[in-house]
Amino acid sequence: MISNGTMKGGGTYFLISRSVGPELGGAIGVLFYLAYAVGTTFYISGFAEGVITFLPEQTIFSRYWLHVLVGTGALLIVLTISLIGAEGFTKVNVPLFVVQFSSIMLGIVSIYFQKPQVLPTGGNYTGWHLDRLEENTFAHYHEDSECGGACTFPIVLGILFPAVTGIMEGANLSGDLEKPQKSIWKGTLIAILISFVLYVFLILTLAGGFTNETLRTDVHIFQGIAFGSQYLVVAGLLISTFSSALGASFGGSRLLQALARDELFPKTSWLGVGSGSGDEPRRAVLVTWAISQACLMIGKLDAIAPIIDAFFLLSYGFTNFACFLVTISGSPNWRPRFRYFTWWTSALGVLLSIFMMFFLSVIFSLISIALFIALFVYLVYRPDLSNWGDVRMALVYHQVRKYLLQLSPTEQHGKLWRPSVMLLVRHVDRPVTVFCKYLKKGGIYILGGVCVGAFDKVLDTVKAVESDWRAINIEHELKAFPQIVSAPSIREGYQNLLLSAGLGAMTPNIIVIEPPSRVAATPQAVFAAEADDFVGLLADIANVEKNVVVACNFSAFDFTTLSEDYSVNIVISRFQNIYSWKDFEGTPLLQLGLGNIMEGTGCDMKLVKFVSDQADVLFEREALFDNVKRRGRFRVGKAGSQISVVVDDGKPKRQPLIEECIRANKLILREVDLSSTNLLILALPERDTNMTPTDYMKALEFLIEELPPTLLVAHNGGQQVMSTDM
């Protein structure tokens, strides 16, 4: 992952956060930092124990306070070097490494070439033999106060594991390297290889040179067997712990600085301030020193070694997890220079990290996971987190594309139908725009607009309008997709949207439009042209077999009233002959479907059917109740009384459309309780063949006059709406 791009300060935190997002990265970053801060104390405690062993006997201080005093002095030296910065850190580490390596070599050579002897520290050296190595091949655990009883492999491994957690030190110093994306992975792999070989060689050397009892009881055998003075080995052992503490302190401070600069947590930005030409994290160094000093006062730290292990292993696991995700995402930008890996090696790293974490300590593993979840949940609900182009979007894109290809626009069953809405408007900052987000019921929502003019002349306008609409989309939480086109005319633009909106099977099946509004000052010629476009658009929608909803009187719509007190009335005209479930196909079923969706938002749906004065009212009501509530399973009202049948005393045959609309309007005003009605759903009247667009618009105006917000609905074929199938 380091070899894939520009690496900045922050090490593991930077890798994870830029790969899987600030939520996961921030949570792991905090735990990783705590592991380094507490780990600094852990290493300093080892240093203090080594120093105390060689101090002369005294009675002034207890062993606890002597441990604290020596550790505090060592921590002050670590603090001083860390405050100097990366340059001082590097200059100090080089001579420390030379002494440390020399002491290791001296101890190894001494074990192979010293004569058998009783060690000054009480152990027994018999010379290196294969027989001794065979005796020590298997475990011989005994009772030990350090283990709280009988030692076990997980307990011992948990105490030793922090000694091998330095594999990410190079990554943590990424901000101080000239070419981190090249240097870190090479240096890390070489260091791991050398360390692994040296550790194995040391294990074999010690196991073949000393008895099991000596290895268990004499912790000073390495300096006891050394040629000449033992103090070179002692110095090497002390330097080993001191340099580990120095690396943990400085690396942890760099990580804390990176966390603070990303401002994931409030009031931490002051920790991100750098000092000097090297952008040194001096404020973070002081905080890390304070945490380490506080932990040092605890005294015995073997007990908390497992929590350090758990934090480190959780970080390693998520590093592998991040690599796994970016690999399977197939992102073209994933082009690491280091290619000796696959997705399954990363997945194996995740599983091994989790296994080791629980193997060492189930309790501390659960604690670390609980802390991680708490931090993650906090960051998930924290607004305005940075967008670093993490792998989540690549995975979402991959999955959406995969399942979109599986969706067939010709094989969808009616029982899976859901409204996908495209609202055709000139201005989206209108009440109907907000209303449509309640109408889509899990379907897609497209805001379709047209900029009239030549493509090259209106392109900037298209971009500006789309940007404004996206802002309104976010402000009102519409969850919509703005789609703006350019065309020579409004109608041609809408025709383009009808044919091209959506993707694959995710296309709108309901087109919502508003009728052209007419005020007193509107010239007749202008209204006639708008009426022509409107009627033509209705015909275009019918031709592409999409359902249409004409939203009328929505200027007074208040979406904040949507609640249990919100009432939706569906009116079935006397010319919609409904006596069986089959009769509901088409527009009546679409009316019921839309009403049912509004009922799902907490509204109360009521059904009113007008019948001629020659009809059997009781039969009509029973038939309607049976089909709507029993067959259709629609929840119309809280009781059957919410299904009403009203006698229409008008003429039995259909009259000219304008007269029908006037009569229907009067009937609704008289028979429907509009005082408690917030929304009406009516069938869109069919235009007479010899009727002009202007007259048709007048008929619609007569129909909706003085009515509350009203949907005029028409089913134009295409996919079946709703179903009674299991």
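Guide: Start with accessibility: buried means under 20% relative accessible area, exposed over 50%, and partly exposed in between, with a 1.4 Å probe and protein chains only. The model is predicted, so local features need pLDDT of at least 70 and side-chain atom pairs count only at pLDDT 80 or more, while totals for chains, interfaces and linings use all residues. Residues are numbered from 1 along each chain as its sequence is written, and side-chain values use heavy atoms, with hydrogens and water left out.

Visitor: Why does E671 count as partly exposed?

Guide: E671 has 36% relative accessibility. That value lies between the 20% and 50% limits, so the label is partly exposed.

Visitor: What makes the contact of R670 and E671 a salt bridge?

Guide: A salt bridge is a side-chain nitrogen of Lys or Arg within 4 Å of a carboxyl oxygen of Asp or Glu. R670 and E671 meet at 3.1 Å, N to O, so the pair qualifies. The structure holds 7 salt bridges.

Visitor: How do you know that E280 and R254 form one, and are they buried or exposed?

Guide: Their side chains meet at 3.5 Å, N to O, which is within 4 Å, so the term applies. The pair links distant parts of the chain, 26 residues apart: R254 is in helix 11 (231-261), and E280 is in the loop between helix 11 and helix 12. Helices here are DSSP runs of H or I with at least four residues, strands are runs of E with at least two, and both are numbered from the N terminus. E280 has 7% relative accessibility and R254 has 4%; both values are under 20%, so both residues are buried.

Visitor: What are the labels of E660 and R663?

Guide: E660, with a relative accessible area of 7%, is buried, whereas R663, with 22%, is partly exposed. Their side chains meet in a salt bridge at 2.5 Å, N to O. Both lie in helix 23 (residues 657-671), 3 residues apart, about one turn of the helix.

Visitor: Why is strand 10 said to pair with strand 13?

Guide: Two strands pair if DSSP finds at least two bridges between them. Strand 10 (residues 567-572) and strand 13 (residues 679-683) have 3 bridges in the parallel sense, so they pair. I570 stands opposite I681 in strand 13. Strand 10 is also joined to strand 11 (residues 604-612) by 6 bridges, again parallel, and the partner of I572 there is K609.
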